[in-house]
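Visitor: Could you walk me through this structure, starting with how some of its helices pack and then moving on to its pockets?

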Amino acid sequence: MLTVRTDSTASGTGTVWRTGFVGETGSRSRCSDIAQREDMIRGRAQIRRVLCVAEKNDAAKGISEIMSNGRSRRREGMSKFNKIYEYEYHLFGQDVTVSMTSVSGHLLSLEFKAPFQKWNSCNPVLLFDAELEKHCPDNMMQIKRTLEKEVRQCQALIVWTDCDREGENIGFEVIDVCRTVKPNIQVFRAKFSEITPNSIRRACETLTEPDANISDAVDVRQELDLRIGASFTRFQTLRLQKIFPESLANQLISYGSCQFPTLGFVVERFKAIQAFIPETFYKIKVLHEVEQEAVEFSWKRNRLFHHTACLVLYQICMEDPIATVTSVTSKPKSKWRPLPLDTVELEKLASRKLKINAKETMKIAEKLYTQGFISYPRTETNIFPRDLALGPLVEQQAQSPAWGTFAQRVLDQPGGPNPRQGKNSDQAHPPIHPTKYTDTLQGSEGRLYEFIVRHFLACVSQDALGQETVVDIDIAQEKFSASGLMIIARNYLDVYPYDRWSTK
């Protein structure tokens, strides 16, 4: 007899619910699940040595310092840039020996197979169906050999690459290299957003399985970029070189799925600027001087492009230049504190406020992250999760002579740190924020770290408050208006010099 039931099984990525018909088959399935769990427990009990692989050497060094409490032993790998850190750690309910090393970004590269690599080997259209292969470039070969050597002695592999799509894909490249040497290696994924003791220990306690779907998405993007870029680049370069042999004989005319539309935006804007024809306009200004202070009233018509019409209205006003106040209104005014910081906003503000370009900004931010000073800098989230304790993060900054007093004010304000929340979350990483205090950074690193700290403190404080007064006047039936502002409480502006708001 068959019955309908709902069953749940634990998986590496959470709880999976299944509904279906079960009877004798269901019993066998439950027995199989139990057997798998028992095999997994026995497998973990046999783990004595673990290989951990981070995305960069700085990250490997920082993570190993935390896990070993500063007692790791460093030795050289085959790549002089990627060290190996050894220490003991309590994992899987037992003490194990850990070897922590790193890659340097992508370990493998996607390329066409040999018959299609030369430009004149085939018609560019055939590249859309040509066979591809992943191979290890020469400059990554020593890292690959280190992994192959180290994994032979280990029973488990833990992937510590960055927790984004690219990091997941790099993790699977590491897995592929290691499983080629040791097919039965047990593989785990560490999930973390910052290199701090709490985050790293939490990651060790909640190891999961790597997500093949996320990695596959990157593989698809890489394949599309390669096929589209190579085919169109070859096609247009060879074609245009025939048409313009003197000008383009040695020129590469590249094509990219992001590059081409971006070039279109640039050209469109250039043409708009070139086609712009400036046109003279005219306006009437009213100045009222009181005790060496001048107040300018703006014209409600804003401006006119007809000189004679503007002149006539001006003369009418001058015939009876007495201004009549028609209304005075006063209302509260707020200047909102900034939203939590995501990657795009960091790049924009660093460029605008610090004059650091986007590429340099992310290079510095990555370094600050691997040194444990800030959280993961590649995020689309501008909402602080409720389970992220903001108080301790603010408290760390209270020791700063520059912004420590303000940090204490945030801690003392009613309700404590109160972030202004955005609307976006990538469900992977929190907004960019400082993870520990330092006063040792210099140059652009120090400036960017200071900006991230000040932005964070401003975000979790309070809006600036003011009172705005608007005065409307009438001169010969022409309307003019002026506004004034009185700052009542600067609040976040006291720590955030990148915004301007002043009494007028």
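Predicted model: local features only at pLDDT ≥ 70, side-chain atom pairs only at ≥ 80, totals over all residues.

Visitor: What is the angle between α2 and α5, and how far apart are their axes?

Guide: The two helices α2 and α5 pack at an angle of about 85 degrees, and their axes are 10 Å apart.

Visitor: Which residues meet there?

Guide: From α2 come Ile63, Ile66 and Met67, and these meet Pro197, Ile200, Arg201 and Cys204 of α5. Sorted by class, the contact of α2 with α5 has 6 nonpolar residues, no polar ones and 1 charged.

Visitor: OK, what about α3 and α4, at what angle do they pack?

Guide: Helix α3, which covers residues 141-151, packs against helix α4, residues 165-181, at an angle of about 50 degrees, with the axes 9 Å apart. That angle makes α3 oblique to α4, and the crossing of the two is right-handed.

Visitor: And which residues make the contact?

Guide: On the α3 side they are Lys144, Leu147, Glu148 and Val151, while α4 contributes Val174, Val177, Cys178 and Val181. In this contact of α3 with α4 there are 6 nonpolar and 2 charged residues, and no polar ones.

Visitor: Let's do one more pair, α10 and α14: how do they cross, left-handed or right-handed?

Guide: The crossing of α10 and α14 is right-handed. Helix α10 spans residues 343-354 and helix α14 spans residues 443-459, and their axes come within 11 Å and cross at roughly 115 degrees. Leu346, Leu349, Ala350 and Leu354 of α10 make the contact with Arg447, Leu448, Phe451, Ile452 and His455 of α14, which by class gives 7 nonpolar, 1 polar and 1 charged.

Visitor: Switching topic, how much space lies in the largest pocket?

Guide: The largest pocket holds about 1300 Å³ of space. Its lining is made of 44 residues, and those nearest the centre of the pocket are Phe192, Ser193, Glu194, Ser199 and Arg202.

Visitor: Which elements give two or more residues to that lining?

Guide: They are α2 (57-67), α4, α5 (197-205) and α12 (390-396). Taken by class, the lining of the largest pocket divides into 15 nonpolar, 17 polar and 12 charged residues.

Note on methods:
Residues numbered from 1 in each chain as written. Heavy atoms only, no water. Axes fitted to C-alpha atoms, helices over the stretch in contact; angles between N-to-C directions. Helix = DSSP H or I, 4+ residues; strand = E, 2+ residues; numbered from the N terminus. Parallel < 35°, antiparallel > 145°, perpendicular 65-115°, else oblique. Left-handed = near helix turned anticlockwise from the far one by under 90°. Contact = heavy atoms within 4.5 Å. Nonpolar A, V, L, I, M, F, W, Y, C, P; charged D, E, K, R; others polar. 1 Å grid on protein atoms, 1.4 Å probe; cavity = no way out; pocket = protein on both sides within 12 Å on 5 of 7 lines; lining within 4 Å. Points joined across faces, edges and corners; volume = space filled by probe spheres on them.
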